[in-house]
Amino acid sequence: MNEEEFIINLDLPAGERWSFLVDFKEEINDLLQCYLNDFEGAEHLFDSIGDFKHELISNEYLEEIEFIASISNFTADQVLIANLYYDVLKFYFGCTAFAVETDGKILHSRNLDWWTDNNMLSEHSKIFVFQRNGKTIFKTVGWVGFIGALSGVKPAHFSITLNAVLSND
């Protein structure tokens with residue numbers, strides 16, 4: 001993973017926050033196509049997402065999705081479905097996370113353990129720093145073209161991961 005951090009300025013309009021992603025168009029297209037390939041045979045998701053997205057998703061989030069679509073080879077609905085990938089498929093797989101105490105401090109770790117061709121996810125993982133008024137509000141680890149947060153930290157306060165696992169317990 002390239003540990004370079006990218007600032008997301010929350011003071012900017014939603015459609016401008018991710019403007020630096022224009023430099024990552026090829027990576028965005030590769031990742032979006034990778035996600036969308038897993039939905040083969042489930043095209044009905046694309047047919048119905050337009051009917052529900054405005055009722056369930058904030059306009060601000062949708063504006064960010066529209067921007068990603070504008071610099072990619074995909075429609076806004078395809079970008080949205082790809083961004084909801086984990087939410088849709090969490091019933092079929094899970095991720096690994098743990099926390100341990102060491103030297104009086106808590107270490108929280110998360111393994112984004114999805115397999116992809118050519119190690120695409122690890123190659124394109126980035127650290128995003130969300131700022132307001134020039135101050136860091138939180139940081140996330142994610143991929144270009146994905147605007148959600150699967151793992152994040154509010155420095156000096158807490159960390160969080162979104163995990164899912166199948167279990168009969």
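**Note on the fold, salt bridges and surface charge of a predicted model**

1. From the N terminus on, the elements of the protein chain follow the order β-α-α-α-α-α-β-β-α-β-β-β-β, which amounts to six helices and seven strands. Helices (H or I, at least four residues) and strands (E, at least two) are taken here as DSSP runs, numbered from the N terminus. This is a predicted model, in which local features need pLDDT of at least 70 and side-chain atom pairs count only at pLDDT 80 or more, while totals for chains, interfaces and linings use all residues. Residues are numbered from 1 along each chain as its sequence is written, and side-chain values use heavy atoms, with hydrogens and water left out.

2. On burial, the protein chain has 169 residues, of which 39% are buried. Buried means under 20% relative accessible area, exposed means over 50%, and partly exposed lies in between, with a 1.4 Å probe and protein chains only. The areas come from the Shrake-Rupley method with a 1.4 Å probe, and for residues only the protein chains shown count as cover.

3. Helix α1 has 13 residues and reaches 18 Å from its first C-alpha to its last, close to the 18 Å expected at 1.5 Å a residue; the expected span is 1.5 Å times one less than the number of residues. Within α1, the buried residues include Ile28, Leu31, Leu32 and Leu36, together with Asn29, Cys34 and Tyr35.

4. The count of salt bridges comes to four, a salt bridge being a side-chain nitrogen of Lys or Arg within 4 Å of a carboxyl oxygen of Asp or Glu. One of them joins Lys139 to Glu5, with the closest N and O atoms 3.2 Å apart. This pair links distant parts of the chain, since Lys139 is in strand β5 (residues 135-143) and Glu5 in strand β1 (residues 5-9), 134 residues apart. Both partners are partly exposed, Lys139 with a relative accessible area of 23% and Glu5 with one of 40%.

5. Arg17, Glu60 and Glu64 are linked in a network of salt bridges. Between Glu60 and Arg17 the closest N and O atoms are 2.5 Å apart, and this pair links helix α3 with the loop between β1 and α1 across 43 residues. The side chains of Glu64 and Arg17 also meet in a salt bridge, at 3.4 Å from N to O; Glu64 lies in helix α3 and Arg17 in the loop between β1 and α1, so this pair ties together parts that are 47 residues apart in sequence.

6. Glu64, found in helix α3 (residues 59-70), has its C-alpha atom 7.8 Å from that of Glu16, a residue 48 positions away along the chain.

7. On the surface, Glu40, Glu43, Asp47, Asp51 and Glu55 gather in a patch of negative charge. Patches are made of residues with over 30% relative accessible area and no salt bridge, like charges being joined within 9 Å and nonpolar side chains (Val, Leu, Ile, Met, Phe, Trp, Tyr) within 5 Å. Lys and Arg count as positive and Asp and Glu as negative, while His and the chain ends are not counted; the place of a charge is taken as NZ of Lys, CZ of Arg, CG of Asp or CD of Glu.
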